[in-house]
Amino acid sequence: MASGSRIRIARRPEGSTDPWQVLRTTGDGLTVATETQRSDERRDDRTRGDQKTTMINPNGTVDFELTAANFDSIMSSVLSNAWVADSLTNGVTETRWEYLKSYMDIDEHVRISDASETQLQLSGTSGQKVTGQVTVMGRGHDDEYDPSGDTFVEPEATIIMDMSNNFHSVLIDGSAPTGLCVKGFDITINGGFQSDQCAGSLYQHHEPGTFDFSGNVNFRLSTAAMGLWRKGLLSDPISLGFSLSADGYAYAMALPRVFLSGELPSGALDAILDQQLNITPARDENGVMMQIDRTVPAP
């Protein structure tokens with residue numbers, strides 16, 4: 001018998017013998033999916049023939065609660081760039097990874113190899129934890145992997161981030177706005193990956209495409225929130241930023257050029273009205289769609 005609480009997810013750079021970095025996860029959808037073909041031969045005895053696997057697709061998602069230091073590498077990978085002087089922007093340098101899904105109580109281990117981290121979603125709602133999900137697309141796998149000679153590094157024991165204690169410093173056009181109450185956000189970084197398959201191979205190839213950032217920010221309805229909604233009507237972009245901090249770490253996330261859109265809110269008797277605005281980030285004059293600046297505690 002196997003328990004979901006004893007699934008371990010770890011990752012390391014593709015092709016390396018580095019120690020596996022264990023991830024702090026709340027769930028996952030990592031799998032080795034297949035596509036099959038079956039003969040459509042007509043038979044007078046009314047029977048059907050065999051089935052063949054024509055594609056093997058190692059892929060899935062990993063869910064987590066955001067904690068300082070543990071997901072910096074995933075942010076870098078999805079944005080296709082390296083941290084430089086504790087600053088990260090979108091780039092074009094793809095990195096690939098190996099993922100290991102281990103069922104610890106039955107000693108079964110499945111390795112997804114040559115994998116791209118193609119999408120990252122971060123979200124938070126007032127009074128709740130800040131959560132995330134990374135999407136993984138592999139190009140190979142080993143369903144009988146033996147990790148007995150490998151080493152594993154445990155994740156940093158930093159505290160989970162939440163919207164009440166760790167969400168700070170909302171900036172609109174570079175300044176702290178007045179009259180705005182942020183109630184939640186949802187941001188997705190999508191690397192635009194496209195897939196195809198060559199004859200003679202069971203696995204697909206995954207090619208990075210154009211970045212597409214999307215999501216929304218939810219405000220309590222106010223005059224200031226209506227002002228932002230009106231900017232959307234006029235296609236007048238803003239810059240949007242906020243920070244998350246805990247355990248001496250801080251992450252200032254900035255979208256330097258954002259177009260807004262949304263509907264007018266409505267509500268029932270005694271309802272507190274919210275203004276949810278969809279965000280569509282675009283490139284600024286430097287080609288930046290997203291920038292993350294981090295502060296790390298002194299050693």
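**Figure 1. Overall fold of the predicted model.** The protein has two helices and 20 strands, where helices (H or I, at least four residues) and strands (E, at least two) are DSSP runs numbered from the N terminus. This is a predicted model, in which local features need pLDDT of at least 70 and side-chain atom pairs count only at pLDDT 80 or more, while totals for chains, interfaces and linings use all residues. Residues are numbered from 1 along each chain as its sequence is written, and side-chain values use heavy atoms, with hydrogens and water left out. Along its principal axes, the C-alpha trace spans about 70 × 60 × 45 Å. Of the 299 residues in the protein, 41% are buried; here buried means under 20% relative accessible area, exposed over 50%, and partly exposed in between (1.4 Å probe, protein chains only). Among contacts between residues at least 6 apart in sequence, 68% join residues at least 24 apart, a contact being heavy atoms within 4.5 Å. The accessible surface comes to about 15,800 Å², of which 47% belongs to carbon and sulfur atoms, with areas computed by the Shrake-Rupley method with a 1.4 Å probe and, for residues, only the protein chains shown counted as cover.

Figure 2. Ile-187 is found in strand β13, which covers residues 182-190, and counts as buried because its relative accessible area is 6%. Leaving aside neighbours within four places in sequence, Ile-187 is in contact with Leu-120, Gln-121, Leu-122, Ser-214, Gly-215, Phe-242, Leu-255 and Ile-279. For orientation, the C-alpha atoms of Ile-187 and Arg-11, which are 176 residues apart along the chain, are separated by 23 Å.

Figure 3. Side chains of opposite charge can pair when their charged atoms come close. The structure holds 15 salt bridges, a salt bridge being a side-chain nitrogen of Lys or Arg within 4 Å of a carboxyl oxygen of Asp or Glu. In one of them, Arg-294 pairs with Asp-72, with the closest N and O atoms 2.7 Å apart. Arg-294 lies in strand β20 (residues 291-295) and Asp-72 in helix α1 (residues 72-78), so this pair ties together parts that are 222 residues apart in sequence. Asp-72 is buried, with a relative accessible area of 8%.

Figure 4. Glu-94 forms a salt bridge with Arg-96, in which the closest N and O atoms are 3.5 Å apart. Glu-94 is partly exposed at a relative accessible area of 28%, and Arg-96 likewise counts as partly exposed at 28% relative accessibility. Both residues belong to a network of salt bridges that links Glu-94, Arg-96, Asp-114 and Arg-139. In another pair, the side chains of Asp-236 and Lys-231 meet in a salt bridge with an N to O distance of 3.1 Å; Asp-236 is partly exposed at 33% relative accessibility, as is Lys-231 at 24%.

**Figure 5. A negative surface patch that includes Asp-107.** Asp-107, Glu-108, Asp-143, Glu-144 and Asp-146 form a negative surface patch. Patches are made of residues with over 30% relative accessible area and no salt bridge, like charges being joined within 9 Å and nonpolar side chains (Val, Leu, Ile, Met, Phe, Trp, Tyr) within 5 Å. Asp-107 sits in the loop between β7 (97-103) and β8 (108-125) and is exposed, with a relative accessible area of 57%. Across the protein, the mean positions of the 23 positive and 41 negative charges are 5 Å apart; Lys and Arg count as positive and Asp and Glu as negative, whereas His and the chain ends are not counted, and the place of a charge is taken as NZ of Lys, CZ of Arg, CG of Asp or CD of Glu.

**Figure 6. Asp-142 in strand β10.** Asp-142 is placed in strand β10 (residues 140-142) and is partly exposed, with a relative accessible area of 26%. Apart from neighbours within four places in sequence, Asp-142 is in contact with His-109, Val-110 and Arg-111. The C-alpha atoms of Asp-142 and Leu-100, 42 residues apart along the chain, are separated by 9.5 Å.

Figure 7. Arg-46, a residue other than glycine, has a positive phi near 65°; Arg-46 lies in the loop between β4 (31-38) and β5 (51-65) and is exposed, with a relative accessible area of 80%. Asp-173, which is not a glycine either, has a positive phi of about 55°. Asp-173 lies in the loop between β12 (167-172) and β13, and counts as partly exposed at 42% relative accessibility.
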